[in-house]
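Student: Could you go through this structure with me? I'd like to jump between topics as they come up.

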Amino acid sequence: MVSDTMFPATRLSFLDHYLCDARPWGGLSGIRRFAVEFLYFGIKNARACLFAGLFFLSIFLVPRAGFFGLPRYDVLLVIALTIQIFMIWSKLETLDEAKAIFLFHIVGFALELFKTSGTIQSWSYQDFAYSKVFGVPLFSGFMYAAVGSYIIQAWRLFDLRIRHHPPYWMATLIALAIYANFFTHHYIGDYRWYIAACALGLYARTTVTYRPYDRDREMPLLLSFILIGFFVWLAENISTFFAIWSYPNQLGAWSAVSLGKWSSWSLLVIMTFTIVCHLKHIKHRIFIPE
C-alpha cells in the first residue's frame, strides 16, 4: 500500500511499478485479454514516450514569436531541460540513464553542426535565438536524446530481453559506420544501403521479447527499428510543418519530408539502440550466442 506521506516523486515512480505488475487484473482470456494487453501496450508506450511527448507537445504550444521576449528556440531549450530535471527528480529516470541521454544529445548536436554548416546546408534553423551555436540551437540535441529516452524507458517498462544479439564489437562497428556515413556521404558517396544490408544480416536472427501485460511476446528486432524510425519520421514532418527547422525545398512552402528519410532514421535508431545496450543494467538482458 502507498502511504499518503510519500513524496510526489516516489508516487510518480510507483506508477511504473503498477504498470509492470504481472497480474493486477487477475487471470484473463479471450477478447478481454486482448483488450487489456492492447491497453497496457499503448499506455506503456505513451509512458516511455514521456520525454519525447512533452517535448514535441511544446513544439505545438510555443508560438514562433516565443514567450515574454524570449525567442522560441530558447523557450524550447528551457522546456527540454526542465523535463529532463523533472524525470530525474521524480525517479522516472536514473542518473546513469541521464548520462546516456546526454551522450545522445552530444552525438546529435555534432551531427546538426555539420549538416547545417555553410558548405553542407542540408537543413537550417531560420529563427533567431540566444542559445544558437554556429547557427544550431542547443535544444536540437534533445530531439535525438528523445529517441534514446524512449528506448531506455521502454526497456524497463516492457521488461525487454534480446535473443541472438550479435557480438558487441560487430554491433558497435555497424553503429559507427552508420554515424560516419551521415558525414562522409557528402564527400565519398552514400553507402547507406550497403550498411543497411550489413545490419539486416547482422540482426536477421535477433528477436526482442517484451511483456505488455503478464505474458511474453516476441517480434523481430529489425521490425522494431523500422517502426520507431517511422514514428520519428512522422515527428520530423510535424517539426518542419511548424518551421522548427526547414529543408531547402521547404523554404518557400512546406512539403512533406522525403520518405527516404525514414531509412535514415531507422539506421539512427540502430545506432541509438547500440549505445543503450552498453548500459550496465541492460546488458544482462541481452543474450549473445557463442
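**Backbone, packing and salt bridges**

Tutor: Let me start with His164, which at 28% relative accessibility counts as partly exposed. Please keep in mind throughout that this is a predicted model.

Student: Where is His164 found?

Tutor: His164 is found in the loop between strand S3 (161-163) and H7, and its phi is near 60 degrees, a positive value in a residue other than glycine.

Student: And what about the phi of Gln121?

Tutor: Gln121 has a positive phi too, of about 55 degrees, although Gln121 is not a glycine. Its place is in the loop between H5 and S1, and at 38% relative accessibility Gln121 counts as partly exposed.

Student: Switching to helices, at what angle do H5 and H7 pack?

Tutor: Helix H5 (residues 95-115) and helix H7 (residues 168-188) pack at an angle of about 10 degrees, and their axes are 10 Å apart. Because angles under 35 degrees count as roughly parallel, H5 is roughly parallel to H7.

Student: Which residues make the contact?

Tutor: From H5 the contact is made by Val107, Ala110, Leu111, Phe114 and Lys115, while H7 brings in Tyr179, Phe182, Phe183, His185, His186 and Tyr187.

Student: OK, what does Ile195 touch?

Tutor: Leaving aside residues up to four places away in sequence, Ile195 touches Ile174, Ala177, Ile178 and Asn181. The place of Ile195 is in helix H8 (residues 192-202), and between Ile195 and Ala177 there are 7.2 Å from C-alpha to C-alpha, with the two being 18 residues apart in sequence.

Student: Is Ile195 buried or exposed?

Tutor: Ile195 counts as buried, because its relative accessibility is 11% and the cut-off for buried is under 20%.

Student: Now salt bridges, how many does the structure hold?

Tutor: The structure holds 13 salt bridges. In one of them Asp127 pairs with Arg72, with the closest N and O atoms 2.8 Å apart. Asp127 lies in the loop between H5 and strand S1 (132-133) and Arg72 lies in helix H4 (residues 72-89), so this pair ties together parts that are 55 residues apart in sequence.

Student: Are those two buried or exposed?

Tutor: Asp127 counts as buried at 13% relative accessibility, and Arg72 also counts as buried, at 3%.

Student: Why would such side chains pair up?

Tutor: As a general point, side chains of opposite charge can pair when their charged atoms come close.

Student: What does Glu97 form a salt bridge with?

Tutor: Glu97 forms a salt bridge with Arg156, and the closest N and O atoms of that pair are 2.7 Å apart. The pair links distant parts of the chain, since Glu97 is in helix H5 and Arg156 is in helix H6 (residues 141-157), 59 residues apart.

Student: Which residues are linked in a network of salt bridges?

Tutor: The network links Asp159, Arg161, Arg211, Asp216 and Arg285. Within it, Asp159 forms a salt bridge with Arg161, where the closest N and O atoms are 3.5 Å apart, and both of these residues are buried.

Student: How does Leu57 count in terms of accessibility?

Tutor: Leu57, which is found in helix H3, counts as partly exposed at 42% relative accessibility.

Student: And Ser58, buried or exposed?

Tutor: Ser58 is buried, with a relative accessible area of 6%. Its place is also in helix H3, and Ser58 touches Leu76 and Ile79 when residues up to four places away in sequence are not counted.

Student: Last one, what separates Ala35 and Phe230?

Tutor: Their C-alpha atoms are separated by 25 Å, and the two residues are 195 residues apart along the chain. Ala35 has its place in helix H2 (residues 30-48) and counts as partly exposed at 41% relative accessibility.

Note on methods. Residues are numbered from 1 along each chain as its sequence is written. This is a predicted model: local features need pLDDT of at least 70, side-chain atom pairs count only at pLDDT 80 or more; totals for chains, interfaces and linings use all residues. Side-chain values use heavy atoms; hydrogens and water are left out. Helices (H or I, at least four residues) and strands (E, at least two) are DSSP runs, numbered from the N terminus. Buried means under 20% relative accessible area, exposed over 50%, partly exposed in between (1.4 Å probe, protein chains only). Axes are lines fitted to C-alpha atoms, for helices over the stretch in contact, and angles run from 0 to 180 degrees between N-to-C directions. Angles under 35 degrees count as roughly parallel, over 145 as roughly antiparallel, 65 to 115 as roughly perpendicular and the rest as oblique. Contact means heavy atoms within 4.5 Å. A salt bridge is a side-chain nitrogen of Lys or Arg within 4 Å of a carboxyl oxygen of Asp or Glu.
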